[in-house]
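Please read it alongside the sequence and the structure shown here.

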There are 2 protein chains.
Amino acid sequence: MSGGWLAIAGLGPGDDMLVTPEVSAALGDATDVIGYVPYVARVPAREGLTLHPSDNRVEIDRANLAIDLARKGHRVVVVSSGDPGVFAMAAAVFEALEHGDPTRRDIDLRVLPGITAMLAASARAGAPLGHDFCAINLSDNLKPWPVIERRVRLAAQADFAMAFYNPRSRSRPEGFARVLDILREECADERPILFARAVSTPQEELRIVPLPQARADMADMRTMVIVGSSQTRIVPRPGAATSWLYTPRSLAMVP
Amino acid sequence: MSGGWLAIAGLGPGDDMLVTPEVSAALGDATDVIGYVPYVARVPAREGLTLHPSDNRVEIDRANLAIDLARKGHRVVVVSSGDPGVFAMAAAVFEALEHGDPTRRDIDLRVLPGITAMLAASARAGAPLGHDFCAINLSDNLKPWPVIERRVRLAAQADFAMAFYNPRSRSRPEGFARVLDILREECADERPILFARAVSTPQEELRIVPLPQARADMADMRTMVIVGSSQTRIVPRPGAATSWLYTPRSLAMVP
């Protein structure tokens with residue numbers, strides 16, 4: 001082992017001011033940084049640091065490389081955007097540890113949390129996740145589509161605000177449209193939908209649309225979608241580009 | 001206005017290494033810090049900074065004080081633990097702005113996200129929130145108890161992992177016991193429950209218990225509870241105090 005360790009770290013949504021000191025310290029001590037190309041590109045090169053960018057959908061290979069290097073004595077950081085525990089690399093590393101040789105579990109391993117996309121998007125818009133909420137990954141790469149539909153429907157019945165990760169990709173453009181249809185079936189009201197694109201980066205764009213007017217093409221691969229609950233409120237701001245959006249802390253009536 | 005602003009900031013779960021540089025910068029520029037006593041106590045006193053600690057359950061008074069000071073030209077930070085948008089002060093400030101004099105909406109206002117308790121707890125245990133999940137505040141101070149029961153039941157039917165904030169307080173010790181009964185009714189399996197107390201502080205304690213053995217008195221006011229989904233896995237570690245807990249990214253079967 002000779003001092004090797006593995007940290008699975010969240011880089012937050014994009015702005016370096018949202019990277020925790022814990023993550024910065026781990027990156028400063030690392031000998032190796034492993035992750036998806038655009039996330040590794042956020043780590044500045046320096047002497048003594050090997051960058052290992054890899055393509056999407058090779059998460060388990062990446063996890064095994066990280067585990068093996070750390071057990072050989074390297075100081076390894078696996079980077080994810082946002083929080084590593086939310087639809088990101090942490091689960092892939094534990095999957096590799098569960099299914100691989102059990103002796104590898106002697107590894108010195110830490111998960112370093114980060115600002116996940118829904119919290120960054122929520123902060124920019126106001127506080128739409130200020131009451132009970134759920135987070136659903138709309139990608140059906142790793143789960144059957146009917147499970148997604150069922151979860152969205154039950155979440156609407158529970159009157160959760162909802163944060164949708166990966167709402168839309170080129171390979172499955174019709175899924176998110178179907179989710180919007182389900183929401184319109186389950187929610188009779190005009191509740192607001194937040195489309196928050198590339199939050200905390202120079203490409204940031206926010207847009208709030210009432211559910212009846214929401215369209216799937218308002219989201220792309222860099223968009224986080226937050227659906228209000230029945231209680232979510234819009235507070236207009238004179239002269240500002242977007243209104244504030246928030247969900248009150250208190251709920252007087254049974255929905 | 002003369003340069004006044006209001007930042008609603010998340011201090012994270014307790015460790016200063018989990019405070020974002022954005023929040024530290026706002027605290028460094030502030031003239032006034034406002035919040036619940038134990039959170040204000042985390043901000044070091046310095047010349048030119050007025051600390052305004054206040055008691056629990058006066059969130060709207062606190063919000064109005066912050067808005068009024070900022071509009072008089074003060075640089076004000078309202079502090080919450082964790083993330084200010086998750087069961088914390090941001091929603092209270094927008095509530096005050098919605099229901100107060102609309103001219104106050106000219107305020108220079110930012111919400112600065114933080115590491116919320118569920119992400120810190122999840123990171124310490126592994127990655128139990130690695131697939132779809134929900135966050136429910138079990139306090140019935142601000143919502144009727146039947147809504148909580150209904151949400152827990154629907155969340156179990158949706159097979160979400162669940163993060164429970166405020167699971168148990170002295171004033172309502174029976175609520176969480178009732179929630180555990182509902183989970184046992186809805187979930188026939190031995191899924192793991194994580195009790196994560198005071199994460200990232202010297203008092204940190206983690207405990208993983210299968211649902212049939214979970215008891216309400218395993219949680220107190222400083223405990224975050226995470227309930228696994230039907231897919232959540234325990235990975236034993238030889239020689240370690242606690243096993244790793246994670247929810248796989250992929251779901252092969254319809255639950």
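## Helices α6 and α7 of chain B

In this predicted model, helix α6 (residues 145–157) of chain B packs against helix α7 (residues 174–186) of chain B at an angle of about 30 degrees, and their axes are 10 Å apart. α6(B) is therefore roughly parallel to α7(B), and their crossing is right-handed. On the α6(B) side the contact is made by W145(B), I148(B), E149(B), V152(B), R153(B), A156(B) and Q157(B). On the α7(B) side G175(B), F176(B), R178(B), V179(B), I182(B), L183(B), E185(B) and E186(B) take part. By class, this contact comprises 8 nonpolar, 2 polar and 5 charged residues.

Helices (H or I, at least four residues) are DSSP runs, numbered from the N terminus. Axes are lines fitted to C-alpha atoms over the stretch in contact, and angles run from 0 to 180 degrees between N-to-C directions. Angles under 35 degrees count as roughly parallel, over 145 as roughly antiparallel, 65 to 115 as roughly perpendicular and the rest as oblique. A crossing is right-handed if the near helix is turned clockwise from the far one by less than a right angle, and left-handed if anticlockwise. Contact means heavy atoms within 4.5 Å. Ala, Val, Leu, Ile, Met, Phe, Trp, Tyr, Cys and Pro count as nonpolar, Asp, Glu, Lys and Arg as charged, and the others, including Gly, as polar.

## Helices α6 and α7 of chain A

In chain A, the axes of helix α6 (residues 145–157) and helix α7 (residues 174–186) come within 10 Å and cross at roughly 30 degrees. This makes α6(A) roughly parallel to α7(A); the crossing is right-handed. Among the residues making the contact are W145(A) and R153(A) of α6(A), with F176(A) and E185(A) of α7(A). The contact residues divide into 8 nonpolar, 2 polar and 5 charged.

R153(A) and E185(A) form a salt bridge (a side-chain nitrogen of Lys or Arg within 4 Å of a carboxyl oxygen of Asp or Glu), with the closest N and O atoms 3.2 Å apart. The pair links distant parts of the chain, with R153(A) in helix α6 of chain A and E185(A) in helix α7 of chain A, 32 residues apart.

## Helices α3 and α4 of chain A

Helix α3 (residues 59–71) of chain A and helix α4 (residues 89–99) of chain A pack at an angle of about 70 degrees, with axes 8 Å apart. They are therefore roughly perpendicular to each other, and the crossing is right-handed. E59(A) and I67(A) of α3(A) are among the contributors to the contact, as are M89(A) and E95(A) of α4(A). By class, the contact has 8 nonpolar, 1 polar and 3 charged residues.

## The interface of chains A and B

Between chain B and chain A, 74 residues of chain B contact 74 residues of chain A. The two chains bury about 6500 Å² between them, 64% of it on carbon and sulfur atoms. Buried area is the accessible area (1.4 Å probe) that two parts lose on being put together, summed over both. R151(B), W244(B) and R249(B) supply 12% of the area that chain B buries against chain A, more than any other three residues.

The structure holds 37 salt bridges over all chains, and 12 salt bridges are counted between chain B and chain A. In one salt bridge, the side chains of R249(B) and E95(A) meet at 3.3 Å, N to O.

## Conventions

Residues are numbered from 1 along each chain as its sequence is written, while chains are lettered from A and ligands numbered from 1 in the order in which they are written. In this predicted model, local features need pLDDT of at least 70, side-chain atom pairs count only at pLDDT 80 or more, and totals for chains, interfaces and linings use all residues; side-chain values use heavy atoms, leaving out hydrogens and water.

Methods
Helix = DSSP H or I, 4+ residues; strand = E, 2+ residues; numbered from the N terminus.
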